[in-house]
Amino acid sequence: MKAGKILFLCLSLNVISFVVVIANPPTCPADLGKECSDSGEWDGEFFPGIPNIKYEGPSSKTRFAYKWYNAEEKILGKKMKDWLRFSVAFWHTFRGTGGDPFGAPTKYWPWEDGTNSLAMAKRRMRANFEFINKLGVDRWCFHDRDIAPDGKTLEESNANLDEVVALAKELQGTKIRPLWGTAQLFMHPRYMHGAATSSELGVYAYAAAQVKKAMEVTHYLGGENYVFWGGREGYQTLLNTDMGRELDHMGRFFEAAVAYKKKIGFKGTLLIEPKPQEPTKHQYDWDAATAANFLRKYSLIGEFKLNIECNHATLSGHSCHHELETARLNGLLGNIDANTGDPQIGWDTDQFLTDIGEATLVMLSVVRNGGLAPGGFNFDAKLRRESTDVEDLFIAHIIGMDTLARGLRNVAKLIEDGSLSELVRKRYESFDTELGAQIEAGKADFEMLEKKALEWGEPEVASGKQELAEMIFQSAL
């Protein structure tokens, strides 16, 4: 019994030691040879040993080089950087911890001091811009509370944000700007019932104030878009929910956002990011079609576009290509969250897109759309929990950028070959007739069509040639 008590005591001490290490991770590992000064400033580079990432071509074997993304190269009449408009997502890159519901954080970047102080926020911002410059991209995106700590009051939160944004403005220079900004309206307990759809008037007002400020700083930084992701704009059960009232409130919230955007002279595009569920059981902007219907109902078409995330598409039971085409055909494709999910996992894993076939389909929609500007691709993607080296941040972005660049090159092959578009044209060529033109113009009534059906008899139905289409597509990969 005594031995058992001693063993229990030893195990308890080990657990306590583990917790202390987790709570107070080392700030400046010895292997980097750098230290944090007493002033809180970081001495030297945040990413020593990582070079500026350059294009070296498909034959390159180095991990710190682009194999397919050549920013200045023209594809289909436009530079690759203008087709792709890449952006670094601050939250996953600099606030991702590797933690999950079953385990503690696994990532302790060398510059972190274990706090969420204003000084730490500024240090992260400096790391962000060094990372962006080394990647060779010129856009980033953020949530307000990811870049600056929440204060005890709204006034204090706004002051914190102003201080960090002033530094970001300085570090951006004239070349870098936000692809978009947004307000984090889902993490704080006040938003447990939603923000624009909360049952509490005070929360609705607080959310409006937070969006107002986030839109102001996005405008100040030269942001090109502003995003609304309603992670908690939905319900867990309809038994205690007035869904009609909540949707009306959300519509009024977006109307107010449009009005304020115009008042301050913000020229960026307002974007809604559809997602079916998680963390709510049902999110009101379930998918692209649902979001489009919402915008039509509340007369917001023309004021908003959609930010399509590939992982959200699969959660809603669609392919990313389907969601992109739905948005495009409705004139609503504005931006893409460049990530993917795992087909064996039923939640939002936010992995970097590395599937060449999926990337080619994504780029097919982008090219058909004529590009995404003023939107682009932001890497709403995070390292796997087990990837814990600083260099992994670069490797993940390099492969994500190369995958989409390779997809763009494949689309160019498909267009230049022309076989796939010709297959589609032939499939619908029966409508390339006088009667087909009348149908598509809305000038063929049922009596006219019945007369033709009686005249022609049983119609012949041609093969859809799906396998041939897939063969043509695969030949471009």
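Helices (H or I, at least four residues) and strands (E, at least two) are DSSP runs, numbered from the N terminus. The model is predicted, so local features need pLDDT of at least 70 and side-chain atom pairs count only at pLDDT 80 or more, whereas totals for chains, interfaces and linings use all residues. Residues are numbered from 1 along each chain as its sequence is written, and side-chain values use heavy atoms, with hydrogens and water left out.

**View A. The largest pocket, with a volume of about 1600 Å³.** A pocket is an open set of points on a 1 Å grid over the protein atoms alone, with protein on both sides within 12 Å along at least five of seven lines; lining residues have an atom within 4 Å of a point. Points are joined across faces, edges and corners, and a volume is the space filled by probe spheres set on them. Of the 49 lining residues, His92, Gly99, Met187, Asp350 and Lys382 lie nearest the centre of the pocket. Helix α3 (90-95), helix α5 (144-147) and strand β7 (177-182) each supply at least two lining residues, and the largest share, three residues, comes from α3. The lining has 16 nonpolar, 13 polar and 20 charged residues. Here Ala, Val, Leu, Ile, Met, Phe, Trp, Tyr, Cys and Pro count as nonpolar, Asp, Glu, Lys and Arg as charged, and the others, Gly among them, as polar.

**View B. The second largest pocket, with a volume of about 790 Å³.** Its lining comprises 25 residues, and nearest the centre are Arg427, Ser430, Phe431, Pro459 and Glu460. Two or more lining residues come from each of α14 (419-427), α15 (434-440) and α16 (446-456). Helix α15 gives the most, five residues.

**View C. The largest cavity, with a volume of about 180 Å³.** A cavity is a set of grid points where a 1.4 Å probe fits but cannot get out. The structure holds one cavity of 30 Å³ or more. Among the 21 residues that line the largest cavity, Leu185, Phe228, Trp229, Gly230 and Glu233 are the closest to its centre. By class, 14 residues of the lining are nonpolar, four polar and three charged.

**View D. The crossing of helix α7 (residues 201-220) and helix α8 (residues 243-264).** The two axes, lines fitted to C-alpha atoms over the stretch in contact, come within 11 Å and cross at roughly 30°. Angles run from 0 to 180 degrees between N-to-C directions. Contact, meaning heavy atoms within 4.5 Å, involves Tyr204, Val211 and Met215 among others in α7, and residues including Phe253 and Tyr260 in α8.
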